[in-house]
Amino acid sequence: MLIRQVGYDHPDAVKLNDQVQLEYAERYEGEGDVTPLDAAMFIPPRGLYLIAYDTEGRPVATGGWRRQEANEENYRDGDAELKRMYVVPEARGLGLARRILAALEADARAAGRTRMVLETGTKQPEAIALYASTGYEPCEKFGHYRTYDSSRCFAKPLNHSGG
């Protein structure tokens with residue numbers, strides 16, 4: 001399995017984003033995640049976007065982080081927000097989400113971010129289990145879906161070594 005840095009507008013990223021949007025629409029009986037995103041948000045050092053490829057070169061998992069600062073959507077200075085964490089159904093259970101998550105956390109930490117935050121929902125119990133098992137704890141709701149009952153927000157301090 002190979003994890004590569006790509007642009008959020010890379011064709012493989014667009015393909016996986018389309019797949020995750022369909023899954024969100026199915027699970028939540030709606031239109032998917034309408035949080036405004038653009039490729040510039042994921043350009044280092046303001047963010048990073050990763051895709052995992054299988055041995056045949058197929059894109060099978062994705063995830064990114066983008067820089068956030070304190071604003072009216074309840075973000076805090078120093079936040080790095082996880083976006084588009086997704087593993088295609090046939091590649092689930094291989095630890096890809098954990099590998100991508102660890103790489104994104106390390107990159108955000110190196111970029112000086114102090115807290116990783118994410119928003120998921122009640123109809124994604126496997127996502128909630130992943131984040132809980134990797135040190136994320138419930139936090140004050142933030143972001144586009146902060147007023148939704150089904151929204152669940154989590155945060156994890158990005159401890160900087162030597163400081």
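Biologist: What do the buried residues of helix 3 pack against in this predicted model?

Modeller: The model is predicted, and in it the buried residues of helix 3 pack against strand 4, helix 2 and strand 5.

Biologist: Which residues of helix 3 are these?

Modeller: A127, L130 and Y131 are the buried residues of helix 3.

Biologist: What makes you place them on the same side of helix 3?

Modeller: They cover an arc of only 90° around the axis, and therefore they lie on the same side of helix 3.

Biologist: What is found just after helix 3?

Modeller: Just after helix 3, G135 adopts a positive phi of about 95°.

Biologist: Why is E105 called buried?

Modeller: Buried means under 20% relative accessible area. E105 has a relative accessible area of 8%, so E105 is buried. E105 has its place in helix 2.

Biologist: Which residues does E105 touch, not counting those up to four places away in sequence?

Modeller: E105 touches M116, Y136, K156 and L158.

Biologist: Which residues touch the most other members of the largest nonpolar core?

Modeller: That core has 37 residues, and L82, L104, M116, Y131 and Y136 are the ones that touch the most other members. The elements that give two or more residues to this core include helix 1 (11–28), strand 3 (59–68), strand 4 (79–87) and helix 2 (96–110). The largest share, 6 residues, comes from strand 2.

Biologist: Why is such a set called a nonpolar core?

Modeller: The name applies because its members are buried residues of listed kinds, Leu, Met and Tyr among them, joined through side-chain atoms within 4.5 Å. In soluble globular proteins, nonpolar side chains tend to be buried together.

Biologist: With which residues is L104 in contact, leaving aside its neighbours within four places in sequence?

Modeller: L104 is in contact with L48, L50, G63, G64, W65, L82, M85 and M116. A second, separate core of 5 residues includes V117, F142, C153 and A155.

Biologist: Which residues lie nearest the centre of the largest pocket?

Modeller: The largest pocket has 39 lining residues, and Y24, M85, T120, Q124 and A127 lie nearest its centre. Helix 1, strand 4, helix 2, strand 5 and helix 3 each give two or more residues to the lining, and strand 4 gives the largest share, 7 residues. The volume of this pocket is about 900 Å³. Its lining has 18 nonpolar, 10 polar and 11 charged residues.

Biologist: What makes a space a cavity and not a pocket?

Modeller: A space is a cavity because a 1.4 Å probe fits there but cannot get out, whereas a pocket is open. By this rule the count comes to 2 cavities of 30 Å³ or more.

Biologist: What volume does the largest cavity have, and which residues line it?

Modeller: The largest cavity has a volume of about 40 Å³. T35, Y75, E81, K83, E119, F142, G143, H144 and Y145 line the largest cavity, and by class these are 3 nonpolar, 3 polar and 3 charged residues.

Biologist: Which residues line the second largest cavity?

Modeller: The second largest cavity, with about 30 Å³ of space, is lined by N74, R76, R115, C139 and E140. Charged residues count as Asp, Glu, Lys and Arg, and this lining has 3 charged residues, with 1 nonpolar and 1 polar.

Conventions. Residues numbered from 1 in each chain as written. Predicted model: local features only at pLDDT ≥ 70, side-chain atom pairs only at ≥ 80, totals over all residues. Heavy atoms only, no water. Buried < 20%, exposed > 50% of the residue type's maximum accessible area, 1.4 Å probe, protein only. Helix = DSSP H or I, 4+ residues; strand = E, 2+ residues; numbered from the N terminus. Contact = heavy atoms within 4.5 Å. 1 Å grid on protein atoms, 1.4 Å probe; cavity = no way out; pocket = protein on both sides within 12 Å on 5 of 7 lines; lining within 4 Å. Points joined across faces, edges and corners; volume = space filled by probe spheres on them. Arc of directions from axis to C-beta.
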